[in-house]
Amino acid sequence: MTASTALERLESQLNGNWAHLREARRRADEMQQRLLSEFAEFERDDSSIVVSGSLARGEFTAGSDIDWTLLIDGAADPWHAGLARRIAQKVKLIAAKDTGAEGTFGVMVFSHDLVHQIGGQDDTNQNTTRRLLLLLESRPAGRDDAYARVIRSILSRYLLEDRGFLRGSPFRVPRFLQNDFARYWRTIAVDFAYKLRDRSGKGWAIRSAKLRMSRKMIYVSSLLACYRCHLDHDAQTWKKLVDSDDGKSRIVEYFENIFRQTPLEITAGVLLQFPHLAGSAHKILGAYDEFLGLLADGRTREHLETLPEDDADRDPTYQKARQLSHRFRDGLLEFFFDKESGLDELTRNYGVF
Amino acid sequence: MRPIGFSTGALAHADFRRGLAMTRAAGCPAVELSALRQPELFPMLDALDSLDLTGFQYISIHAPSQMTPEFEQAACERLLAERWRNWPIVIHPDAITAFALWRRFGSLLCVENMDKRKAIGRTARELNLIFQQLPEASLCFDIGHVRQVDPTMTESYLILRDHGARLRQVHISEVSTNNRHNRLSMLSIMAMPAAAHRIPADVPLIIESPVTQAEMADEIGRARRALPLEPVPLHEQGDARIDSCAVCHPGA
């Protein structure tokens, strides 16, 4: 096998065998190709069909659903609603199960709120979720004009309105963006408790496992995406970049390229920079590989989806998932509080206060 | 001072003589003779010797934006006959079906970046594919198109970074979400200076805004503010520039 992605290079360097990660990526690419062909007739320059979730992360398993939105960046058109309905009909025929119940996906989403409502009362939970998932786990299924425009506009807001990032801070970390990622992660954690109450415990075990692993991985990758800028530039090259005539465009392009990668790729990319963290990398990605193995097994997944909260302490499958999440967490703590790499200092400054 | 002029097609629909007369009356040193539709090209080329073009430092021809294969071949031959004039031929990449025909124009062929309607030629990466087919061709940088494709102007930076060495002329106007060329608005005047430093002072600006004779001088002023010769410092861009524009240019 030729190692071409950061994850493949890391697997090869560490002599790992992350077969579940590879299989999930293969399935995701296969489904993406199918969607490209199914959605071809829906292509327009003012809208993009955007997939999120495990499909966009390259972690697609047999039981995965297909989260999608019709992202609209153009003039209002009464026919957009009809287009969204047709996409929903197609997805229903292809997907293993229905799109999530919160109404965040499977609908039309308009660019203006995503770009203009960052913070403040109108930045609803749903708006924050859609905006940040667009950066962290999304892929256009077809023509990407609207998608690319909206991503750049969102990044422009976060990066170019952050005075400290461009001018003042000794750390080259975009704090405005990182703060919103932190807010989003805490929102997910709080919503976990909300859903437990709202759904009377239904689906608790699978949501718990996902919160501890895949949701956390999104936050991990968001922090690392922000840290990357500090790691990739020294003070002098950063000042030169900011002061250059094209500084703004180059900064937006830099982050655009980072967020084109999946959370696993972003994480593997940073781990590759620090060979002394091989042990942590083994824990983080080895545990994640096994977690995807659990989800890929239809019976295990179904078991976790229906397991009552009261039975979880005695349930071997849930306990296995829990142990994996502990190994994952331990690896992350070593990684993020490592002194030699400088991540410790970044985490104390950005991940804590 | 940048040489500035107008596209005759923007000033007078399918009437190059009137567009030319308006451009001359406005005292512009540059003009683009536009034949955007097939039937307009040959009559315009036939009339070239009879037109009074004295005083224009820069003249270009805009080829039709859509052509049948038969017409494309005939248009190429006819345009080649005018090659001695050394006028750039502006072409939409999606109008080309036979690249070999157009390769013969060398650097006189001026490929324009496209608006979001088109499937090709909109971004630096897409233009790369076109220039692989037309290695000697130059670039007509349409800043209205690129701003429509990417309002953050990141794509503008990428196009001029990757293809700026080919830059021959600039098209400037505001392009709406419905792909119509409009007059430059405050939004464009705020956004476009990000590209100004990558456009050398001697590269002609061809305005494609549909304006009346009375509006031409004002539109030239807007174009100069959108692409100033002096770079706008980073700290004066964005909101700070909105304030200064509103004060210095009320009603713009």
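In what order do the 4 strands of the open sheet in chain A lie? The order is β3-β2-β1-β4, and the pairing is mixed. The model is predicted.

- The edge strands of chain A are β3 (107-110) and β4 (139-140), and each pairs on one side only.
- Strand β1 (residues 47-51) and strand β2 (residues 68-72) of chain A run antiparallel.
- These two strands are joined by 5 bridges.
- Val50(A) stands opposite Thr69(A), a residue of β2(A).
- Helix α7 (residues 145-160) of chain A packs on the sheet and touches β1, β2 and β4 of chain A.
- The direction of α7 makes about 80° with that of β1(A).

**The nonpolar cores**
- The largest nonpolar core has 90 residues, and Tyr288(A) and Phe291(A) touch the most other members.
- Helix α10 (residues 204-232) of chain A gives this core its largest share, 15 residues.
- Leaving aside neighbours within four places in sequence, Phe291(A) is in contact with Met213(A), Ala321(A) and Leu324(A).

**Where chain A meets chain B**
- In the contact between the chains, 17 residues of chain A touch 16 residues of chain B.
- On the chain A side, α7 and α12 (247-259) each supply at least two residues.
- Helix α7(A), which also packs on the sheet, gives the most to this side, with 6 residues.
- By class, the side of chain A that touches chain B has 9 charged, 5 polar and 3 nonpolar residues.

Note on methods:
Residues are numbered from 1 along each chain as its sequence is written. Chains are lettered from A and ligands numbered from 1 in the order in which they are written. This is a predicted model: local features need pLDDT of at least 70, side-chain atom pairs count only at pLDDT 80 or more; totals for chains, interfaces and linings use all residues. Two strands pair if DSSP finds at least two bridges between them. Two residues are in contact if their C-beta atoms, placed from the backbone, lie within 7 Å. Axes are lines fitted to C-alpha atoms, for helices over the stretch in contact, and angles run from 0 to 180 degrees between N-to-C directions. A nonpolar core is a set of buried Ala, Val, Leu, Ile, Met, Phe, Trp, Tyr and Cys residues joined through C-beta atoms within 7 Å. A residue is buried if 20 or more other C-beta atoms lie within 10 Å of its own, exposed if 12 or fewer, and partly exposed in between; C-beta atoms are placed from the backbone. Ala, Val, Leu, Ile, Met, Phe, Trp, Tyr, Cys and Pro count as nonpolar, Asp, Glu, Lys and Arg as charged, and the others, Gly among them, as polar.
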